[in-house]
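Me: I'm new to this structure and would like to learn how to read it. Could you walk me through a few features?

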Amino acid sequence: ASSERAALIGAATCLLLWRTMVLGLLGKREEAHEASVCCVAFCGGSDGVPLRAVSGGDDGQLLLWGCDEQLSPVQAQIGNTRGGSGAERFPLGVANLDARGNVVVSTGMDGILTVASLSALSSAERCSEHASCWSVRLDESGERAVVGGADGWLGVFSVANRAYLSTHSLPSFEGLVHGLDVGNGNRTAYCGGTGGSLVSVDLERGNVVTTYDGFGQCVRDVRVASDGNTLYCAGDDGRVTLYDTRSNSAAASMAGHRSWVLRVRLCDDDNRAVTSSADHCVRVWDIRARETLVTFDQHSDEVWGLDMSKDGSRIVSSGNDRSVALYDGTQ
């Protein structure tokens with residue numbers, strides 16, 4: 001009996017090690033939302049603030065999750081950001097979100113920009129409306145949000161004042177501003193379009209500084225390295241293309257996904273990246289080697305939501321299968 005018990009304990013231990021070391025999966029919530037979970041972002045994780053994640057779905061909900069050692073709900077519902085109920089919420093769902101400190105800014109398919117406070121866990125406040133409001137990115141200060149929309153529309157939004165400081169229309173920009181990031185000391189926006197446009201924009205003047213040529217595919221997401229020298233562009237060719245922002249040319253690419261690359265995120269040390277794809281997978285990359293370190297296949301549909309904690313220790317993903325998953329990013 002003791003030998004059988006020891007064998008069972010050994011098998012359970014091996015299974016746990018396999019789960020942690022091979023898969024790196026810390027937790028997963030099936031049917032976390034009532035519809036597709038199109039976006040997720042980390043907040044906290046430093047200065048004594050616990051690491052959390054906020055997910056947004058086509059059901060119009062923002063959900064808050066604890067992310068220390070497992071994925072656990074902190075608040076079942078921050079708020080129905082779109083004001084509908086039942087099936088009426090689905091076409092008015094959350095399109096994108098970003099979080100910093102206690103603030104979560106989200107955009108919706110109805111063009112409404114909302115701001116929620118994590119400290120109060122109150123309902124998101126409907127702040128401003130633009131017919132094509134889609135992508136959103138908070139700057140490092142958390143005081144301004146850059147918002148992108150159709151036909152190269154770009155807005156700079158004051159979180160404190162709940163109003164746009166400026167709006168711009170980017171000339172010759174093709175399609176929706178789907179990929180968006182902020183860099184260069186919060187002075188520059190990097191915008192990628194569904195029509196293949198890829199540009200950098202001076203946020204003070206609203207003019208295009210650089211047009212990056214040669215991509216030619218729908219741009220799903222962009223991220224700029226912490227040193228500002230490399231721009232990562234995820235697109236429908238199944239690759240992440242790396243552009244040198246000093247020479248304004250494509251320098252390298254990372255290939256491995258079998259379909260569209262939907263999201264790309266960077267670790268603060270710029271040594272690792274994580275991507276998600278329509279092939280249902282999440283990949284962690286060694287940037288210098290341009291090689292995949294690990295592939296997570298916990299989703300059964302397109303993975304639209306993705307984030308990596310600043311230190312790279314945690315990764316969170318969400319997708320059309322309505323699930324949210326948390327991984328150990330150090331594996």
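This is a predicted model: local features need pLDDT of at least 70, side-chain atom pairs count only at pLDDT 80 or more; totals for chains, interfaces and linings use all residues.

Me: Does Thr107 count as buried or exposed, and why?

Reply: The general idea is to look at relative accessibility: under 20% means buried. Thr107 has 0% relative accessibility, so this residue counts as buried. You will find Thr107 in strand E7, residues 103–108.

Me: What does the side chain of Thr107 reach?

Reply: The side chain of Thr107 reaches the backbone oxygen of Trp134, at 2.2 Å.

Me: What is the order of the strands in the open sheet of four?

Reply: To read a sheet, follow the strands from neighbour to neighbour. Here the order is E10-E11-E12-E13, and the pairing is antiparallel. Strand E10 (135–138) and strand E13 (163–169) are at the edges; each has a single partner strand, so one side of each lacks a neighbour in the sheet. On average, neighbouring strands of this sheet are turned by 20 degrees against each other, direction ignored.

Me: How many bridges join E10 to strand E11?

Reply: Four bridges join E10 to E11 (residues 144–148). As one example, Val136 has Val147 in E11 as its bridge partner.

Me: Which residues lie nearest the centre of the second largest pocket?

Reply: For a pocket, look at the space, then at the lining. This pocket holds about 180 Å³ of space. Its lining has 14 residues, with Asn229, Thr230, Tyr232, Leu242 and Ile287 nearest the centre. Seven residues of the lining are nonpolar, two are polar and five are charged. Strands E19 (230–235), E20 (239–244) and E21 (249–255) each supply at least two lining residues, and E20 gives the largest share, three residues.

Technical notes
Residues are numbered from 1 along each chain as its sequence is written. Side-chain values use heavy atoms; hydrogens and water are left out. On a 1 Å grid over the protein atoms alone, a cavity is a set of points where a 1.4 Å probe fits but cannot get out, and a pocket is an open set with protein on both sides within 12 Å along at least five of seven lines; lining residues have an atom within 4 Å of a point. Grid points are joined across faces, edges and corners, and a volume is the space filled by probe spheres set on the points. Ala, Val, Leu, Ile, Met, Phe, Trp, Tyr, Cys and Pro count as nonpolar, Asp, Glu, Lys and Arg as charged, and the others, Gly among them, as polar. Buried means under 20% relative accessible area, exposed over 50%, partly exposed in between (1.4 Å probe, protein chains only). A polar contact is a pair of N or O atoms within 3.5 Å; within protein, one must be able to donate a hydrogen and the other to accept it, and residues adjacent in sequence count only if both atoms are side-chain atoms. Two strands pair if DSSP finds at least two bridges between them. Axes are lines fitted to C-alpha atoms, for helices over the stretch in contact, and angles run from 0 to 180 degrees between N-to-C directions.
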